[in-house]
Amino acid sequence: MGYQLLPFRFERFNDTEYLLTNEVGEYIFLQNEDFHRFVDGKIDTHSDLFYDIESKQIATTDKVEDVVSMLATKFRTKKSILRDFTSLHMVVPTLRCNSSCIYCQVARKNRDDHSADMTKQTAKNIVKTIFQSPSPCIKIEFQGGDPSTDFEMVKYIIEEAEWQNLFKKKELDFVICTNLTLLNEKMVKYLKKHNCMISTSLDGPKDLHDTNRPLQDKELDHHAIFEKHLSMIRRIWGNNDCASALMTTSKYSLGRFKEIIDEYVRLGFNSIFLRSLNPYGFAKQYKEKIAYPIEDFIENYKEGLDYIIELNKKGTFFVEGFAALLLRRMLTPFATGFVDLQSPAGVGIAGVIYDYDGSVYVSDEARMMARFKNYYFRLGNVNENSYQEMFNGELLHRIISSACTECLPACVDCVFQPYCGADPVRNMSEQGDMIGFRPTNEMCKKTKSIIHYLFELLHKHDPEINRIFWSWLN
Amino acid sequence: MANIKFPVVKLDNNKFQVIVDFNLYTKEVVTASIYKFSHLFYIHQQTDADNPNLVNVIFESKDDNTITEDITKQFCNELIDQQLRHNVNAQFGHIRDMIVEEAFKPVNSK
Ligand code: SF4
């Protein structure tokens, strides 16, 4: 053999071609016959085919040490999100909420029930814990319930964090996740002053949004209030970028992705993240009513993505967030942090959540499991445990060592592994252990199908589609 | 060509048996291939009584999944892919280790 094979993974992509990917996300399609000649060492090293393979660093005629050094630099860049440790800190000031979403995943409290409100002492200890993170960037994201139901606590935490940061001098960001309906001008002005971005939920046109996310007070029109408050927020901030929206797909959303996307465009959003329902909380209990087979989501997702590509072709710049994330991994050498899909998993080491009582969970989903008396992923409590005990304890080490796709069964030789990630919490919730079983794993099915579809689109070599995809990465 | 036959045998009780030759496939490869089918069928492996170089992999229906000869042929293809992965890994596994080691080496230890 005139060349050295470098690490790669492969899969039959279709009847005539194999797809090969390497550790740093480079890829190439090879005809079946070329693939077999390649692995048998029979490709002419002066052929165009070999130059293509070599340019992807899947084989080399150079000194191996030199190529290793280059690949190691790229690998290090891809994994550089690990260097900073936990930067996303989600805080639950209260479980009170004025909505009754059909897929609600927390044991929400009514607006006048203060039994799950955070105390100032707990808030103080949370902020203290957050600032012990070595990360130079700290994002504090308020979750709920709806945090706007205890806006005083939100303000207290923001100001406490700003105070701490006078000494720590980190890059500090805030986000509040809210249904918008309780926000008034004074609150929005406060959020603007403290540069606290707003993340909201929008499930689609009025009837769908109101079906998925009704307010507890049935007299109120959720969608109308949402729209009115969204324009108030944008007016005060003076731009549209201050508020982003997330959608969740319930059974009622299936078959309606075009309408959902149109609603996002109508309301002035320039991106959407087409999200499937996750299996925690009420969603699992009421599976029959609101859940659906993952295959249905995948079909809807593909139609939605095609529609978004068409919109872009017609001149509307509009991004699908999940595709953009994956494309960045497939087409660029850059690091992409995404707590829900990275390897090692982002649980605890990239993001963490502090509940109203000071309990610390490795992810929001872990907190939801705790509502059903499963405390497996609870790292401790800020009122009782030190930062070291929680973030350098045996539990987090154990979780992370079970959460690297590089060595999980089936992932280990999956061609999509460089773009994928592990989720030990979801594996535990759905399949009973942190490792999970890939052949029946819904998350795996979804990710695999979507990455496969993106590769199909890239493989068309359609200049228009490529232009659109690249425009999403800037 | 006419003499070439898939090493698949239909047994009683809706079971199929694939005869795997350890001269062609390693133990790890057989296990990795079985793993990918184990959610659909009960799968059992047993060394051939007369020839220790052969292992009989027996597929039995599970839930409502009816087993057909096609499934076992897919298994034969999976064996080939897994063995190929095993072979190429033997050529570059150490390089993968070198890359990871180099990537996570503290910068100042160079
Ligand atoms: S989860 Fe599935 S798609 Fe992702 S690396 Fe593992 S096997 Fe591949």
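This is a dialogue on how to read some features of a predicted model.

Biologist: Which residues surround the ligand?

Modeller: A residue is taken as near the ligand if one of its heavy atoms lies within 4 Å of it. Here the ligand is surrounded by C411(A), C414(A), Q417(A), C420(A), R438(A) and C444(A).

Biologist: How is that shell divided by class?

Modeller: Cys counts as nonpolar in this scheme. The shell has four nonpolar residues, one polar and one charged. As for the site, the space taken by the ligand is the second largest pocket.

Biologist: In what order do the strands of the open sheet in chain A run, and which strands are at its edges?

Modeller: Eight strands of chain A form this sheet, in the order β10-β9-β8-β7-β6-β13-β14-β15, and the pairing is mixed. The edge strands are β10 (243-246) and β15 (378-381) of chain A, each of which pairs on one side only. Direction ignored, neighbouring strands are turned by 25 degrees against each other on average.

Biologist: How many bridges join β14(A) to β15(A)?

Modeller: Strands count as paired if DSSP finds at least two bridges between them. Strand β14 (residues 359-361) of chain A is joined to β15(A) by three bridges, and the two run antiparallel. Within that pair, Y361(A) has R378(A) as its bridge partner.

Biologist: Which helices lie across strands of this sheet?

Modeller: Among them is α9 (residues 222-237) of chain A, which lies across β9 (196-201) and β10 of chain A and runs at about 160 degrees to β9(A). Another is α15 (residues 364-371) of chain A, which lies across β6 (88-91), β13 and β14 of chain A, at about 125 degrees to β14(A).

Biologist: What do β2(A) and β3(A) form?

Modeller: They form a hairpin, with four residues between the two strands. Strand β2 (residues 8-12) and strand β3 (residues 17-22) of chain A pair in the antiparallel sense over five bridges. In β3(A), L19(A) is the bridge partner of E11(A).

Biologist: What is the order of the strands in the sheet of chain B?

Modeller: The order is β1-β2-β4-β3 (chain B); these four strands form an open sheet with antiparallel pairing. At the edges are β1 (8-11) and β3 (41-47) of chain B, each pairing on one side only. β1(B) is joined by four bridges to strand β2 (residues 15-21) of chain B, where F16(B) is the bridge partner of K10(B).

Biologist: At what angles do helices α1 and α2 of chain B run to strands they lie across?

Modeller: Helix α1 (residues 27-35) of chain B lies across β2, β3 and β4 (54-61) of chain B and runs at about 165 degrees to β3(B). Helix α2 (residues 69-103) of chain B lies across β1, β2, β3 and β4 of chain B, and its angle to β2(B) is about 20 degrees.

How values were computed:
Residues numbered from 1 in each chain as written. Chains lettered and ligands numbered in written order. Predicted model: local features only at pLDDT ≥ 70, side-chain atom pairs only at ≥ 80, totals over all residues. Heavy atoms only, no water. 1 Å grid on protein atoms, 1.4 Å probe; cavity = no way out; pocket = protein on both sides within 12 Å on 5 of 7 lines; lining within 4 Å. Sits in = over half its atoms within 2 Å of the grid points. Contact = heavy atoms within 4.5 Å. Axes fitted to C-alpha atoms, helices over the stretch in contact; angles between N-to-C directions.
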